[in-house]
Amino acid sequence: MKSQIVTFLIKCPDQKGLVSKITSFFFEKGFNILSCQQYVNAIEDTYFMRVRLNADGTNISKAVLENSFLELAEPLNFKWSVNYGDKKQQVAIMVSHTSHNLYDLLERAKEGRLACTIKMIISNHDTLRPIANMFDIPYYYLPVTRETKLQQEAEVLNLLEAHKVDLIIMARYMQILSPSFINHFPERIINIHHSFLPAFQGANPYKKAYERGVKLIGATAHYATEDLDEGPIIEQDVKPVTHESTPSTLKRIGADIEKLVLANAVKCHLNNQIIVAGNRAIVFPEAGE
């Protein structure tokens, strides 16, 4: 195996000796363990691990490594995944009218702060095409109505599959995706919702927040599921506001929060820092990488 960083994500029933068994396995295979992060959910008796390895000096193939690890994993009821870090993930961004999240993601990707290649921008409006042109990213305008929703989603799906897209980012794409579309990309669609979920789900959250007289305004990035705005939460943040804040003020403050929350959630996904357990996302912090 060439010199590279290998990341294993592991979820299993909690039991004695897990750390020893897992780390001994990688030591015996010649890996240098760069970091080993753990979390035990005592309520559900579940163990989670993220382990990063340096493969420099090992001569084991990916197939042999995975088959050998499977021998360890099966008796211990591991659910696991491995990433070799040898290619950037291919990303598609879906947007409607709003530009702030799109600008931010494109800038971060261009500067190398997001480890991905943005393959395309897909929109149900043609409004944001000039931004795509600025960054030299292909832009696909696919309008949608209630009557053409399934046909439009089929076109989107064909584009994503043709370009082997790994991750879809809904950067304020103001359409509800069908269950069949979402289930085609489990835990591979990240949505930004412009409120601190579970408060103010659905449309016009800033208006709802103003009417409720909130003292905090926030944003939530989560994996999209069939249940609208109820998928596993990856990242959230809030800022204080006052009774003087208008819906426009809340929207302006919220836009800044959205950008950071969405970018951090995408970064965590790209860096293999997330394990989904039921409807919860276990998000490990960066470990010096």
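Mentor: Let us begin with a pair of strands. Strands β2 and β3 pair in the antiparallel sense over nine bridges. Strands (E, at least two residues) and helices (H or I, at least four residues) are DSSP runs, numbered from the N terminus, and two strands pair if DSSP finds at least two bridges between them. This is a predicted model, in which local features need pLDDT of at least 70 and side-chain atom pairs count only at pLDDT 80 or more, while totals for chains, interfaces and linings use all residues. Residues are numbered from 1 along each chain as its sequence is written, and side-chain values use heavy atoms, with hydrogens and water left out.

Trainee: How many residues lie between β2 and β3 in their hairpin?

Mentor: Four residues lie between them, and aspartate 45 in the turn has a positive phi of about 55°. Within the pair, cysteine 36 stands opposite valine 51 in β3.

Trainee: How should I read a whole sheet?

Mentor: Strands of a sheet pair through backbone hydrogen bonds, either parallel or antiparallel. Here an open sheet of four strands has the order β2-β3-β1-β4, with antiparallel pairing. Because β2 (32-41) and β4 (79-83) stand at the edges, each with a single partner strand, one side of each is left without a neighbour in the sheet. From one strand to the next, the twist averages 10°. Angles run from 0 to 180 degrees between N-to-C directions, and axes are lines fitted to C-alpha atoms, for helices over the stretch in contact.

Trainee: How many bridges join β1 to β3?

Mentor: Nine bridges join β1 (residues 5-13) to β3 (residues 46-54), and these strands run antiparallel. Threonine 7 has arginine 52 as its bridge partner in β3, and valine 6 stands opposite leucine 53.

Trainee: Which strands does helix α1 touch?

Mentor: Contact means heavy atoms within 4.5 Å. Helix α1 (residues 18-28) packs on the sheet and touches β1, β2 and β3, its direction making about 20° with that of β3. Helix α2 (residues 62-73) also packs on the sheet, touching β1 and β4, and its direction makes about 160° with that of β4.

Trainee: Are asparagine 183 and asparagine 191 buried or exposed?

Mentor: Asparagine 183, in helix α6 (residues 179-183), is partly exposed because its relative accessible area is 46%. Asparagine 191, in strand β9, has 11% relative accessibility and therefore counts as buried. Its contacts, not counting residues up to four places away in sequence, are Met170, Thr220, Ala221, His222 and Asp229.

Trainee: What describes the chain as a whole?

Mentor: The secondary structure comes to eight helices and 13 strands. Buried residues make up 47% of the 289 residues. Along its principal axes, the C-alpha trace spans about 60 × 40 × 35 Å.

Terms used: Buried < 20%, exposed > 50% of the residue type's maximum accessible area, 1.4 Å probe, protein only.
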